Amino acid sequence: QVQLVESGGGLVQPGGSLRLSCKPSGTPFAFLVMSWYRQAPGKQRELVATVNAGGGSTTYPDSLKGRFTISRDNSKSTVYLQMNSLKPEDTALYYCHARDVRTTIASWGQGTQVTVSS
């Protein structure tokens, strides 16, 4: 079972930036496909970004391309989500997600709150 610890959420003004971090433990990082999801109040959880286990491939929904960037530092066993030009509609609880490519077992973090407001 993978344990995920997220950090970096907070309150930011529209147009600002935040960087979220997620550090898994319990499974070698190299075997994990890492993703970020978000869930706003009253809405379904949605995929924000994914980076493959090797780190060479990333995917985003079209609506977030250009503003959000997912990356992973294998030396630190950490995945990041850089969020720029934030909008009030980006306000949500952001979850880290890990899927082990060997077993397909997936794990969720507790979530970190991002609030975009003036």
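Cysteine 22 and cysteine 96 are both buried in this predicted model. The two residues form a disulfide, with their sulfur atoms 2.0 Å apart. About the S-S bond of cysteine 22 and cysteine 96 the torsion is about -85°, which means that the disulfide is left-handed. Because cysteine 22 belongs to strand 3 and cysteine 96 to strand 9, the pair ties together parts that lie 74 residues apart in sequence. When the whole structure is searched, 1 disulfide is found.

Leaving aside residues up to four places away in sequence, the contacts of histidine 97 are Leu4, Val33, Met34, Ser35, Tyr37, Ala106, Ser107 and Trp108.

In soluble globular proteins, nonpolar side chains tend to be buried together. Here, the largest nonpolar core has 27 residues, and the members that touch the most others are Met34, Trp36, Leu81, Met83 and Tyr94. Two or more residues of this core come from each of strand 3 (18-25), strand 4 (32-39), strand 5 (46-51), strand 7 (68-73), strand 8 (78-83), strand 9 (92-100) and strand 11 (112-116). Strand 9 supplies the largest share, 4 residues. Met34, one of the core residues that touch the most other members, is also among the contacts of histidine 97.

Notes: Residues are numbered from 1 along each chain as its sequence is written. This is a predicted model: local features need pLDDT of at least 70, side-chain atom pairs count only at pLDDT 80 or more; totals for chains, interfaces and linings use all residues. Side-chain values use heavy atoms; hydrogens and water are left out. A nonpolar core is a set of buried Ala, Val, Leu, Ile, Met, Phe, Trp, Tyr and Cys residues joined through side-chain atoms within 4.5 Å. Buried means under 20% relative accessible area, exposed over 50%, partly exposed in between (1.4 Å probe, protein chains only). A disulfide is a pair of cysteine sulfur atoms within 2.5 Å. Contact means heavy atoms within 4.5 Å.
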